[in-house]
Amino acid sequence: VLYLNQTPMQPRERDYAYAGSFYAFAIWIGMGVAAITHFITRKFKDGEEKKKLLVGSVVGAVCLLVPIQMVSQTWDDHDRSGRYFVRDMGYNYLAPLGKNAVLVTHGDNDTFPLWYIQEVEGVRTDVRIMNTSLLGTDWYIDQMQNRTYESDPVRFSIPRKQYLYGTNDFVQVYDRFNGKEVPGKQVMEIFRNPKIVLPMSDGRSHDYIAASKIAIPVNKENVKKYGIVSERYMEKVLDTVVLDIPNNSFLSKTDLMVLDMICNYEWERPLYFLQQGGDLAIGIKDYLQYDGFAYKFVPIKSSVGQGGSVVEQMDDRLYDRIMN
């Protein structure tokens with residue numbers, strides 16, 4: 001405990017942190033059982049197999065008292081029967097989302113309940129869960145591009161060789177257009193081009209994002225058709241969404257993949273973010289609509305109020321969701 005020095009107020013008992021000590025302790029337990037068996041059996045002569053079997057059974061029964069004692073003392077602490085809060089939270093996160101939606105989550109506690117209720121109870125299997133903690137790994141990016149149940153594949157334009165393990169873990173934003181708005185598809189086309197690279201201080205050339213203001217054209221027909229914005233707010237829909245990313249900043253691979261997805265976004269499926277996109281630094285916060293448990297990416301510019309919460313743009317169907 002002193003060596004690990006975990007900070008107070010952990011979200012749960014992190015037993016896995018002690019895995020090494022469990023292994024070592026298990027060896028001593030095994031040696032202890034062998035010692036007890038040896039101590040008793042050495043009193044018998046060789047060949048007395050029945051007595052040895054009896055001894056083994058007695059030793060096994062005695063050793064079973066330890067886990068039985070543990071269960072009797074801790075069962076009520078670990079019994080989850082009748083506790084449905086986490087299950088219901090998973091349902092509430094998914095139920096109001098639009099059809100075939102993508103929901104971007106950020107950690108364990110807002111992702112595992114969703115995986116459970118989809119995989120075990122079959123709730124809203126048309127929704128694609130995209131976890132940003134995993135999106136920096138090549139195998140998870142591969143998974144996102146497969147169809148899962150009724151959920152369509154996620155579209156990325158970046159080829160696999162550019163997101164493999166150890167490749168483009170951090171990508172620089174280096175504005176070559178002097179602050180001009182550049183279409184997102186063009187930005188990603190430049191990124192994919194192996195001949196357009198940026199020399200860095202490590203002596204190697206790297207892929208980079210060539211614009212700090214990235215323009216995403218809005219397909220208003222799809223916005224209306226797929227219910228991205230309710231009829232009431234259609235007059236507020238912009239022709240172009242502009243993502244403003246600080247020049248000379250660095251994007252993580254997770255940022256890069258979400259940016260690529262948005263640059264190729266045709267507004268044909270709803271896109272939601274939990275916690276206002278968490279740590280994603282790609283300029284989406286001004287275009288998030290408060291939908292209750294999640295924030296929906298919409299082509300409407302919204303002011304961000306005190307404390308960082310979007311207060312101006314809210315879904316007019318929110319009241320009905322909460323009350324009914």
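A cavity is a set of points, on a 1 Å grid over the protein atoms alone, where a 1.4 Å probe fits but cannot get out. The model is predicted: local features need pLDDT of at least 70, side-chain atom pairs count only at pLDDT 80 or more, and totals for chains, interfaces and linings use all residues. Residues are numbered from 1 along each chain as its sequence is written, and side-chain values use heavy atoms, without hydrogens and water.

**Cavity**
- The whole structure holds one cavity of 30 Å³ or more.
- The largest cavity has about 50 Å³ of space, a volume being the space filled by probe spheres set on the grid points.
- Its lining (residues with an atom within 4 Å of a point) consists of N92, Y93, P96, L97, Y272, D291, F293, A294 and R321.
- By class, that lining has six nonpolar, one polar and two charged residues.

**Helices α6 and α8**
- Helix α6 (residues 184-192) packs on helix α8 (residues 253-263) at about 130 degrees, with axes 8 Å apart.
- In contact (heavy atoms within 4.5 Å), G184, K185, M188 and F191 of α6 meet L256, D260 and C263 of α8.
- This contact has four nonpolar, one polar and two charged residues.

**Helices α1 and α2**
- Helix α1 (residues 19-41) and helix α2 (residues 49-78) cross at roughly 145 degrees, their axes coming within 10 Å.
- V33, I36, T37, I40 and T41 of α1 meet K52, V55, V59 and C63 of α2.
- Six nonpolar, two polar and one charged residue make up this contact.

Technical notes. Axes are lines fitted to C-alpha atoms, for helices over the stretch in contact, and angles run from 0 to 180 degrees between N-to-C directions. Helices (H or I, at least four residues) and strands (E, at least two) are DSSP runs, numbered from the N terminus. Ala, Val, Leu, Ile, Met, Phe, Trp, Tyr, Cys and Pro count as nonpolar, Asp, Glu, Lys and Arg as charged, and the others, Gly among them, as polar. On a 1 Å grid over the protein atoms alone, a cavity is a set of points where a 1.4 Å probe fits but cannot get out, and a pocket is an open set with protein on both sides within 12 Å along at least five of seven lines; lining residues have an atom within 4 Å of a point.
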